[in-house]
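Hi,

Have it open while you read.

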Amino acid sequence: MVVAITVLAYVFIPYGYNNQFLLFNMMMYMALAQGLNIIYGYTGYLPFGYVGFFGAGAYGSALVIIYLHWSPFPAVLLGGLAAVLVGMLLIPLFRLSGAYFSIANLAAAEALYYIIANPHLASVTQGPYGISLPQVYDPNAAYWTMLAILVFALILSGLMRRSRFGLALGAIRENPVSAEMAGVNVVRSRAIAWLLSAFIAGVSGAAFGWYISVFYPETVFSLSITVFAIVFVLFGGSGTLLGPLVGTLVLYGAYNYIGISTPQYFQLTYGLLIILLVLFLPSGLTSLLRKRGIDVP
Amino acid sequence: MLRKLVLRVVLAAVATAVSLGAWASPSVIKIGTLYASSGYFSQASTRQYDGLKFWVRQINAKGGVYVKAFGKRIPVKLIAYNDQSSTMLAASLYNRLITQDRVHTLVADYGSVLTSVAVPLAQEHRIVLFDETGTSGKFFRPENRNRYIVLTGLPTSSQWPKVLAKFMHSKGIRRVAILYAANDWSGSQAKTLNQTLKQDGVDVVYFHSVPDSTTSYSTILHSIAEYKPEAVAEFGYSDNDIAFVQDYANSGLYFPMVFIPNPALHFEVVRKAVGNKALRYIYSYVAPPIIRYNREVTYGPTLNEFKAAYAKAGGKNVDLSTVAGFNTGLIIQKALATAPKFTQESIRDAIDKFSGKIFTLDGLFKVNRYGAQVGEFLPVGQVLPTKTGVALKAVFPSESAVAKAVYPAPRNK
Amino acid sequence: MNLLEYALLAGLFYGLYFALVGVGLNLIFGVMRIINLAHGDFLMLGAYGAFYLYHLLGWNPLWAIPIELVVFLLIGLPLYYLLVPRLQKSGDPEMLSFILFFGLSQVIEAAAVFVFSNNQRSIPASVFGGAPINIAGQVFPVSWIVSAAVGLAGIGLIYAYLYHSRPGRATRAIMAERSEAAATGISVNRISALAFGIGIAAAALAGIFSPFMIGAIEPSMGIGITVISFAIIVIGSLGNPIGTLLGGLIYGEALMLMQTYLASWSELLPYVLLILILLVRPTGLLERAVRSA
């Protein structure tokens, strides 16, 4: 249901509303929020460096397009795999708990950024000079690719809620020790959720890079990408399918409508919103519905 | 019967309106641009936007910009959004300007980073992008086959240090150290200087980059000193330059020549941050308004006239960004006054037609087929003491020089 | 050799200063188990304070020390009561506080843009007067030496507070075991509020000298400094100001050696150090285990 409505919306809105990039971004943030939800909502680990996967995806795909002349579709998939690879390297971080994991992950994303932006590697990554992909520029195709990514993320997130795998993750979140005793392979389940989450960010980053086709390292490693995704998930309600979608729709919509006239208020508003959410509504908007006995997918 | 008649009248009216629409001139010329009120580029971006706004006010005071295709003056409406120095937001806003506001002319924000996202968009939507200060060479590569971009102001950044290299050569400098911050703009200047010096047979004894965010140079300066260079060139954004010069002044080290690029762009910003003493005898480029193009100007106000008018309108310090913003307005003005048809292609062809033939307060306007600026060049200047403080003065080449370079710099400055 | 000596001495000065940068974050974490992600933003506010005192009133940054100490203590105390007790009642205070203080950091940064604008500010390094100072045959700016001295004094005072004063001893009791401390009649909230205020004031004090050690002051400088501070306190040990001193020195030396021999990779340093220490020896360098499962 949710998936169908989303798809229909993104298929038909472009005919009436022509800021395609805004719609693209909205889809992208929905996918990222959903990807973040898979790891945070279902396991409780909040990756503050989530943008690292996004950047890895954007660069992974751009580099195979430039050097190996791949066509964009397989390149986007490869971007996802590049992010998965980074995710695998970071699996040891799960030995850390809570906030340590978050900050170590942030450090990892920053480190990756500085490696890619380093002029010594300019012959490989183009370093600080950035990427330019005029040869494959095709915003329409990138738009539909992003829609496919979003659908994939939604289905994945929806499946996780219902499947045994999702239940197992929930059990780990509540209490890893008793989950282990109940026969859940904690380490493996968490790693799978982590890599899926990384994959979604990677393909999103790759599609983004393809869409805008000219970007610098700081564009695709901008901390604000993580911040947006986190705020959208928190606002909507983590651990649900609908929450991140609603969060993105409301907040990113507001960001673009009010934000254009007075963007300087936005950081302030977002900051206050985070504080108020944590203090008064830590489970997000959808928890209001659930309190009234309405089931939220 | 009556209903049929009404319908026919309505249809006819619509048809007339549509056909007229194609011919009729727009009631305003919509110019779309972005600026950054916050973030990394805000200082320069705001100035540049002020310069463009000033041009709009002036032209509207005359009743609008003359559009040859319609044979009359049409008022200009500037549509501007704030991108907060974020490329993500900028991409969305450029898109909005093109697809929703349907602007007639698109002007980029300051610098290569914020311009970058507009380049493919403008090409895709076939609208000429007036690029004010986005000097990255990769926007103008022949293989992009992009006709929809025009660099109105500065030359591409890789051209900048060519005169500097000649200057070093002319002074008989044999050993040069080059340090640069890891970004597109600084890196391409450093690369060019390195290559040009090597071709001239000058030894580049130190060639290293530091991260963009470096603001402490003392240790690095000591490593550079180990190589005993006669000249040190540091390329970075203004906070890099400021920290570099400050740390140099406090280090007790001495180099006969030290070069940084930012005094040319915003002299007062740098001077206020580091103080007169530390800046004395430092080299930089010189660009308008420090070079005063007055006699040469064939189109628009001279630099002195511009400064006077700008001050009268309540504008504060004029720097290169202000001039660049205003100059973009002038180029748009000339393009609309030249293009026989009000289409993007005709506007772009018109620019080629007057390219190389007009000289504005920003210098000779000359672009190549792919929109890169090839007319302007950046002479070398040096910060020299004056009665009231210090000033950046052109010292090389001789046709631009207004003062003589003090080389080597005095030891106890 | 000359170069190495210079780097080592410079690293010493930087290390002493960076110990002060990190110590406030350490104190707050030790007492409340809260990661103050707005730490760097308080440092930024302290820097602006010194800037305006200097530019508007012509006051030497040293005068900013007592003023900011009082002002930021007064900001810290109510802020504690506003945010922290509520957080500690919730299910996952560590994670939620992390997010909440991130929000606070965003608010401070945005407000700073309004009030101070985005222009980069600086205080001329010549404010402490005099020519560079010659130490062991190497020449260093006076401002470095002043900053390092203040850093050392700051750490010393916090050490004295924790080990030789009544509230300080109570603070250490809370660090060791919160519930036990409460049972022995220590007013946990009052003592914690004080530690919170001191932590923020220490950040602000470090901010006064940031123009000389870190670079130009701007509203967005906070988050990067928070990460560096976090690396420093993780390298040292949590809750112990001497540990932070060690962390600061390791960071300072490593930074200067990197800048000397591998300048273009120096930016990676805090991040790599942080990840390595967290992964390789989290329990060895820290007093408490940070691992789970």
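Let's start with the largest pocket: 38 residues line it, and A:Thr43, A:Gly44, A:Arg173, A:Glu174 and C:Asp92 are the ones nearest its centre. Before going on, note that this is a predicted model, where local features need pLDDT of at least 70, side-chain atom pairs count only at pLDDT 80 or more, and totals for chains, interfaces and linings use all residues. Residues are numbered from 1 along each chain as its sequence is written, chains are lettered from A and ligands numbered from 1 in the order in which they are written, and side-chain values use heavy atoms, with hydrogens and water left out.

**The largest pocket**

The volume of this pocket is about 1100 Å³. A pocket here is an open set of points on a 1 Å grid over the protein atoms alone, with protein on both sides within 12 Å along at least five of seven lines; a cavity is a set of points where a 1.4 Å probe fits but cannot get out, and lining residues have an atom within 4 Å of a point. Grid points are joined across faces, edges and corners, and a volume is the space filled by probe spheres set on the points.

Helices (H or I, at least four residues) and strands (E, at least two) are DSSP runs, numbered from the N terminus. H8(A) gives the largest share, six residues. By class, the pocket lining has 16 nonpolar, 15 polar and seven charged residues. For those classes, Ala, Val, Leu, Ile, Met, Phe, Trp, Tyr, Cys and Pro count as nonpolar, Asp, Glu, Lys and Arg as charged, and the others, Gly among them, as polar.

**Cavities**

There are seven cavities of 30 Å³ or more in the structure. The second largest cavity holds about 180 Å³ of space. Its lining has 19 residues, and B:Thr215, B:Gln246, B:Asp247, C:Pro211 and C:Phe212 are the closest to its centre. H9 of chain B, along with H5 (142-164) and H9 (210-213) of chain C, each supply at least two lining residues. The largest share, six residues, is from H9(B). The classes in this lining come to 10 nonpolar, seven polar and two charged residues.

Is B:Ser251 buried or exposed? B:Ser251 counts as buried because its relative accessibility is 5% (buried means under 20% relative accessible area, exposed over 50%, partly exposed in between, with a 1.4 Å probe and protein chains only). A polar atom of the B:Ser251 side chain lies 2.7 Å from the backbone oxygen of B:Tyr248.

Leaving out residues up to four places away in sequence, B:Ser251 touches B:His222 and C:Val139, where contact means heavy atoms within 4.5 Å. B:His222 sits in helix H8 (residues 218-225) of chain B and, at 10% relative accessibility, also counts as buried.

Buried residues of H2(B) include B:Tyr49, B:Phe54 and B:Trp55. Just after H2(B), B:Gly63 takes a positive phi of about 100°.

In chain C, nine of the 12 residues of H12(C) are buried, among them C:Leu269, C:Pro270 and C:Tyr271.

**Backbone spots to look at**

- A cis peptide bond joins B:Pro288 and B:Pro289, with omega about 5°; B:Pro289 is in the loop between E12 (283-285) and H12 (303-312) of chain B.
- Another cis peptide bond joins B:Phe396 and B:Pro397, with omega about -5°; B:Pro397 is in the segment after E16 (390-396) of chain B.
- A:Ser213 is not a glycine but has a positive phi of about 65°, and at 2% relative accessibility A:Ser213 counts as buried.

Cheers

Technical notes. Polar contact = N/O pair within 3.5 Å; in protein donor to acceptor, adjacent residues only side chain to side chain.
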